Amino acid sequence: MSFTMAIVGRPNVGKSTLFNRLVGKRLALVDDQPGVTRDLREGAARLGDLRFVVIDSAGLELADDDSLQGRMRRLTERAVAEADICLFVIDARQGVTPADEIFADILRKKNAHVIVAANKAEGNAGEIGAMEAWSLGLGEPLRISAEHGEGMDDLYRVLVPLADAFDAEVATTEPEVNVDVVEGEDDAYQPPSKSKPLQLAVIGRPNAGKSTLINKILGQERLLTGPEAGITRDAVSVQTEFMGTPMRIFDTAGMRKKARISDKLEKMSVSDGLRAVRFAEVVVVLLDVEVPFEAQDLRIADYAESEGRAVVIAANKWDLEDDKPHKLNELREAFERLLPQLRGAPLVTVSAKTGKGLDRLHAAVLKAHQVWNKRITTARLNQWLGAMTVAHPPPAPGGRRIKLRYMTQVKTRPPGFVVMASHADKLAESYSRYLVNGLRESFEMPGTPIRLTFRDQGGDNPFKDRKKSIPSRLRKHVVGRDKPF
C-alpha cells in the first residue's frame, strides 16, 4: 500500500459508489438518500497495478458546531489532512454549487494533492457540469461514472506519478529493519549521521508530556502543548540534533485503551501513533511517574517490541517526586515483573518541564540503537552455545535427546538468530527463553528485541543411501567370494 486516498465531497455525489468500485466489494452502503455514510471507512483499493488505501468519508457539510453534521465534517477534514491524496467528487449533473466552492478552498489549505472528479458524467447530461469544475482552480477535472466504471483509466493515469513520488519519499524515511547478516562483512557500528539520522518515536498515554519533552529537546515551542489530554492529533516528524546526534523525532498522539476511545478523531490519532512506531528505529515509551505502568503503557511497550524496535522507558515528571530513591526502586521492580520481554531495557527518569535527565535519555537512546544493530560472529555464537548446553542441556521429551548442532546470526535491526537442532519442534518455550536471556547477558544486548528461531536438522547419515565404493585392489577378493575356492 503505497499511499492513502480520501474520497470527499458533498452528500450524495457518489463517493461510496466510487469507494466500492475501487475496493471491488460492496463495503459501503449506497442509497439515493443523502447522509447514509456517517463514519470513515477504509478499504484496500486496486486500480490496475496500483495498490493503495482508500477512505470513504461522510459528506462535507457547512455546519461547524457540535451537531452531528459538524462532527461529521470535522472527521472528514481529519481524513483529508492525513491522506496523501484527496479525491474531491462533485455531481456533474448538478454542476458546481456554492458549497463545492467553499470546500475547494478548504481542500487547498489542507492537502497538497487534490484531484477533482466530476461524477455521473456519462452522456451529455454531465458534460456541462464537468466543464464547470475547471472553475474550482484545482486542475483538470476527471470525467467519471462510478456506477458504470467510466473514467477509471484517467484516474489511474493521474495517480501513477503521485504513487511513484510517494514510494520514493517512503524509501527515504522508512528505516532499514530485519537486515540480512553476511558473514565476513564489516560489522562495525555506524553511528547516526545527517544523511541517516536516528529515527526516534515518542509514544505513551495522553498527557504524559510527549510534546513538552520534544520541545525541550528542540529548544523551542515547536509543538502544541497544554494541560488538556489529547492535544496532539497526528504524528509530527521533526529533524534536529539531540546533543550532537542527528535525529528525526516523531511526536505522536497519546494512546488510550480502545474501549475508551469514543471520539473517532482519537481513533485515527492512535492509528497514526502506531504507524509512527513502524517508521522509528528507537521508541521512547514515556510514562507518567505518578501513574506508571498502567495496562495501556504495557500494551504500548509490547507493541513496540513486537514490531522489532529498540525500546527505552522514560519516567516523566520526575521533578514532582519527593522520595526519588524509593520510587526508582518501585519502577525497576515493576518493569522487570511486568515487561519480561524487554528485560534489561534502559529505564531513565526525566523532567520534560525542566529538562533534567535529558543527558541520561540521550545516552540510553544511543545505547539502545547500538545494541539494535549488534552483530556477533558465528564462531563466538557456537562457543557460547556449547557452554550454555553443557550448563543446562535441552530437555529430552519422550526420551528423545535434542541436539543443538550450531547457531548463526541471520538478521540485525533487531538481532535475529537461527539454531539448527534435531527434533526442533519438540523444544520447550522455556528453553528458548533461557537462550534469549543468555544472549542478553553474555553479549550485552539488554532490552532489544531478539528473534530466535529453531530449525530442524536430522541426525541421519547423509551417505546412507549411497552405494559403497570398493577399491580396485580389494575387488578381486570380494567379487564372487561366495563361490568355493
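V202 is buried, with a relative accessible area of 2% (buried means under 20% relative accessible area, exposed over 50% and partly exposed in between, with a 1.4 Å probe and protein chains only). V202 belongs to strand β8; helices (H or I, at least four residues) and strands (E, at least two) are DSSP runs, numbered from the N terminus. This is a predicted model, in which local features need pLDDT of at least 70 and side-chain atom pairs count only at pLDDT 80 or more, while totals for chains, interfaces and linings use all residues. Residues are numbered from 1 along each chain as its sequence is written, and side-chain values use heavy atoms, with hydrogens and water left out.

**Surroundings of V202**
- The C-alpha atoms of V202 and I249 are 7.5 Å apart, although 47 residues separate the two along the chain.

**Nonpolar cores**
- The largest nonpolar core comprises 28 residues, and V283, V285, F293, I313 and F335 have the most contacts inside it. Such a core is a set of buried Ala, Val, Leu, Ile, Met, Phe, Trp, Tyr and Cys residues joined through side-chain atoms within 4.5 Å.
- At least two residues of this core come from each of β8 (198–204), α7 (264–278), β11 (282–288), α8 (295–306), β12 (310–316) and α9 (324–338); α8 gives the most, with five residues.
- Beyond its neighbours within four places in sequence, V283 is in contact (heavy atoms within 4.5 Å) with A201, I203, V277, A304, R309, A310, V311 and V312.
- Another core, of 27 residues, lies apart from the largest one and includes A45, L47, V89 and A163.
- In soluble globular proteins, nonpolar side chains tend to be buried together.

- An open sheet with mixed pairing is formed by six strands in the order β2-β3-β1-β4-β5-β6; two strands pair if DSSP finds at least two bridges between them.
- Because β2 (41–47) and β6 (142–143) stand at the edges with a single partner strand each, one side of each has no neighbour in the sheet.
- β2 and β3 (residues 50–56) run antiparallel and are joined by seven bridges, with G43 opposite V54 in β3.
- Helix α1 (residues 15–23) lies across β1 (4–9), β2, β3 and β4 (85–91), at about 55° to β2. Axes are lines fitted to C-alpha atoms, for helices over the stretch in contact, and angles run from 0 to 180 degrees between N-to-C directions.
- Helix α3 (residues 98–110) lies across β1, β4 and β5 (114–119), at about 175° to β4.

**T408 in strand β14**
- T408 lies in β14 (residues 404–412) and touches T378, L381, G416, F417 and V418, not counting residues up to four places away in sequence.
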